[in-house]
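Hi,

Here is the structure I promised to pass on. Have a look at it first, and my notes follow below.

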Amino acid sequence: MEIRRFVSDLLQSNTYVIEENGRAIAVDPGRDVLPARGLAVDRILLTHEHYDHISGVNAWKDAFGAPVLCTQACAAAIGDPKRNLARIFDVFCELQTWIRLKEKPDADRTFACSAEETFEDVFRFAWQGHSFRLFALPGHSPGGAGILLDGSHFFSGDSLLPGESVELRLPGGSKRAWEEISLPRLKALPDGITIYPGHFAPFTYQKA
Ligand SMILES: [Zn+2]
């Protein structure tokens, strides 16, 4: 298995492509990081509904014909530029100061997309000899999810970023959901697994 990371020019968000036996699963496809056609993408997984993590969904669906899987709350939000925050991209850039932008990237403020498969709380599937477990992580956004691969690789979206505390001030953010639902779930993950965050490079999980 190989996990490749692509960094989008849109807020330096990470797209991950997991490859095995010539097939692939994509996480958070970016608009400007489309791999060559011919890659066999079985599923597109989303960590949450924010525009900078879904900007390539339509292009990747066109190119690869893969279904999108995310939480129900994420699916409800990605189809609405207000709720996926594309509409307020400027405010969004200003809040995410930790990204340290040289200049504000161009945004499609009308961007919307859709999901083919959704789940409410937990979703498991097997793929090419690997196991995936997705579970809801509300707080940073209503539709957040963590994606655990083989119990040892965790795609965290913006719920775990290296050296940064989670941003709960964006529209739809909830400190209460974060503390009551998501924090206990993150604390239940074992030390030493690899975290693949929504921004910045992967790192080793060490609970404080
Ligand atoms: Zn986000």
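Which residue in β9 does Arg 133 stand opposite? Leu 148 is the one facing Arg 133 there. Before the rest, two words on conventions. This is a predicted model, in which local features need pLDDT of at least 70 and side-chain atom pairs count only at pLDDT 80 or more, while totals for chains, interfaces and linings use all residues. Numbering starts from 1 along each chain as its sequence is written.

Back to that pair: β8 (residues 130–136) and β9 (residues 145–149) run antiparallel, joined over five bridges; strands pair if DSSP finds at least two bridges between them. Both belong to an open, mixed sheet of six strands, ordered β7-β8-β9-β10-β11-β12. At its edges are β7 (122–127) and β12 (203–204), each pairing on one side only.

At the other pairing I looked at, β1 (residues 2–7) meets β2 (residues 14–20) in the antiparallel sense over six bridges, with Tyr 16 as the bridge partner of Arg 5. Six residues lie between these strands in the hairpin, and Leu 11 takes a positive phi near 60°.

Overall, the chain has five helices and twelve strands (DSSP runs numbered from the N terminus: H or I of at least four residues for helices, E of at least two for strands). The C-alpha trace spans about 40 × 40 × 30 Å along its principal axes. Of the 208 residues, 41% count as buried, meaning that 20 or more other C-beta atoms, placed from the backbone, lie within 10 Å of a residue's own.

Best wishes

Conventions
Buried ≥ 20, exposed ≤ 12 C-beta atoms within 10 Å, placed from the backbone.
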